[in-house]
Amino acid sequence: MEPIRFLHTADLHLDSPFKGMSAAGPDELARLQQSTFAAFDRFIAYAVKERPDFIVIVGDLYDGEDRSLRAQIRFQQGMQQLQKVKIPVYLSYGNHDHLAGRWTRVSLPENVHVFSEHVEQKQLTIRNETIYLHGFSYPQRHVKEPMIPHYPNAADGIHIGLLHGSVAGDAEHAVYAPFTINEMQSKHYHYWALGHIHKRQVLSQEPPIVYPGNIQGRHRNEQGHKGFYDVSLTPANTSLTFVETSDIVFTSLTVSCEGIEYADDWISACQEAVDQLTAEIGSVVVELVMEHTEGLANDLARSEVEWLDILREQYEDMEPFVWISSIEWPLIRGTVVSNSLLEPVESTLSGWETDDWNDLVKEVYSHKAGRYLEALTPTDFERLTQQAAALLEDEMWKEG
């Protein structure tokens, strides 16, 4: 049989406020906030050009339960473009844009089919082959119970499951609608289209159990190229093609300071490295990581805010867009601060378990604004430990 072809995307997070970019100026922040729309426009343009049989969008189309009007209008316009070329869209809402939120209603064209709060089946016929799609939308922000038991087993035809959730026991992410790979495989579907985790990954090949990741990175933990999958599916075989949509790529860049003594040479070395990076991948939000800094005077490596501002000025109003989010310097041990002063603090922080960290930040998350914060992950804990040690050392250095 001729393959069934569909696009699998999720986690559009249209109109994301980019909360972690507070240091950016109004022009830079506006450019960042446009990036989710630019990525979405690339997705729509690809679909209109390629004409897949249908599209699945698996949750978190919008960044918040209020579903900003601007985001809804842009999404509606995209769906109308797909309607004109007769591409059906099957979508579910996730924990960010759950059905219990309050928002100004915007209608969607007839080609868009939305899953209700209960697991339900939708079907379409493509070249005499019946396709069954199974999925649900989040009735409220937190769906902590497993939903897999509500999905029926496959029968005749081609079956595709849509699920916005995470693997049971996943310590790195807030667990929603938890599932196991074995549970999914036992349903005998031909493809599982997942959402919620913003990292592109294939959990299983038989059948394909797939996270496409989000279409646009939004902070330092979402580095690299983002996009969606173009899927060709037969009962016996599946092929996945990743299609990039990132308007701005979050990344890190290591800069060698070997042989550099003076500030102007350091600025030139950073600019050369950044320019080479943008020539390769376009617009970026970049963390600069310094190495081989032995020849630099200590005061250069300790004036991060000033040098950061100077570097940022070099890229104002430029295309490709460049925002330098931070500069990371190697810790200067022994010569500046005694290890004996730092080790007890680092040892304490390193010994903290997840519950210790959560207890530390519980007041922040219990505030009414806490529901808009992403849950901290083990990666965040490790980064905070490193930053705390660096901050303590910096303060000790300043105090002599």
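## Charges, strand pairs and backbone exceptions

Asp27, Glu306, Asp309, Glu313, Glu316 and Asp317 form a negative surface patch. This is a predicted model: local features need pLDDT of at least 70, side-chain atom pairs count only at pLDDT 80 or more, and totals for chains, interfaces and linings use all residues. Residues are numbered from 1 along each chain as its sequence is written, and side-chain values use heavy atoms, with hydrogens and water left out.

**Negative patch**

- Patch members have over 30% relative accessible area and no salt bridge, and like charges are joined within 9 Å.
- Asp and Glu count as negative, Lys and Arg as positive; His and the chain ends are not counted.
- Each charge is placed at NZ of Lys, CZ of Arg, CG of Asp or CD of Glu.
- Accessible areas come from the Shrake-Rupley method with a 1.4 Å probe, and for residues only the protein chains shown count as cover.
- Helix 7 (residues 304-313) gives the most to the patch, with 3 residues.
- Glutamate 313 has its place in helix 7.
- Helices (H or I, at least four residues) and strands (E, at least two) are DSSP runs, numbered from the N terminus.
- Aspartate 317, another patch member, is found in the loop between helix 7 and strand 15.
- Aspartate 317 is exposed, with a relative accessible area of 75%. Buried means under 20% relative accessible area, exposed over 50%, and partly exposed in between (1.4 Å probe, protein chains only).

**Salt bridges**

- Side chains of opposite charge can pair when their charged atoms come close.
- The whole structure holds 14 salt bridges. The criterion is a side-chain nitrogen of Lys or Arg within 4 Å of a carboxyl oxygen of Asp or Glu.
- Glutamate 2 and arginine 127 meet in one of them, at 3.5 Å from N to O. Glutamate 2 lies in the segment before strand 1 (4-9) and arginine 127 in the loop between strand 5 (120-126) and strand 6 (129-135), so the pair ties together parts that are 125 residues apart in sequence.
- Glutamate 2 is exposed at 51% relative accessible area, while arginine 127 is partly exposed at 40%.
- Aspartate 15 pairs with arginine 70 in a salt bridge, with the closest N and O atoms 2.5 Å apart. This pair links distant parts of the chain: aspartate 15 is in the loop between strand 1 and helix 1 (26-33), and arginine 70 is in helix 3 (residues 69-84), 55 residues apart.
- Aspartate 15 is buried at 18% relative accessible area. Arginine 70 counts as partly exposed at 39%.
- Glutamate 120 and lysine 122 form a salt bridge, their closest N and O atoms 3.6 Å apart. Glutamate 120 is partly exposed at 24%; lysine 122 is buried at 18%.
- Arg5, Lys49, Glu50 and Asp230 are linked in a network of salt bridges.

**Strand pairing**

- Two strands pair if DSSP finds at least two bridges between them.
- Strand 11 (residues 227-233) and strand 12 (residues 238-244) run antiparallel, joined by 7 bridges. A hairpin of 4 residues connects strand 11 to strand 12.
- Aspartate 230, part of the salt-bridge network, has threonine 241 in strand 12 as its bridge partner.
- Strand 5 and strand 6 are antiparallel too, with 7 bridges. Leucine 124 stands opposite isoleucine 131 in strand 6.
- The hairpin of strand 5 and strand 6 has 2 residues between them, and arginine 127 in the turn has a positive phi of about 50°.
- Strand 6 also runs parallel to strand 7 (residues 158-164), through 4 bridges. Here histidine 134 stands opposite glycine 161.
- Strand 6 is mostly covered, with 5 of its 7 residues buried.

**Backbone exceptions**

- Most residues other than glycine have a negative phi, and most peptide bonds are trans.
- Arginine 51 has a positive phi, near 55°. Its place is the loop between helix 2 (35-50) and strand 2 (54-58), where arginine 51 is partly exposed at 48%.
- Aspartate 317 also has a positive phi, of about 55°, although it is not a glycine.
- The bond from glutamate 206 to proline 207 is cis, with omega near -5°. Proline 207 sits in the loop between strand 9 (201-205) and strand 10 (208-211).
- The bond from glutamate 319 to proline 320 is cis, with omega near 0°. Proline 320 is in the loop between helix 7 and strand 15 (322-328).

Conventions. Patches are made of residues with over 30% relative accessible area and no salt bridge: like charges are joined within 9 Å, nonpolar side chains (Val, Leu, Ile, Met, Phe, Trp, Tyr) within 5 Å.
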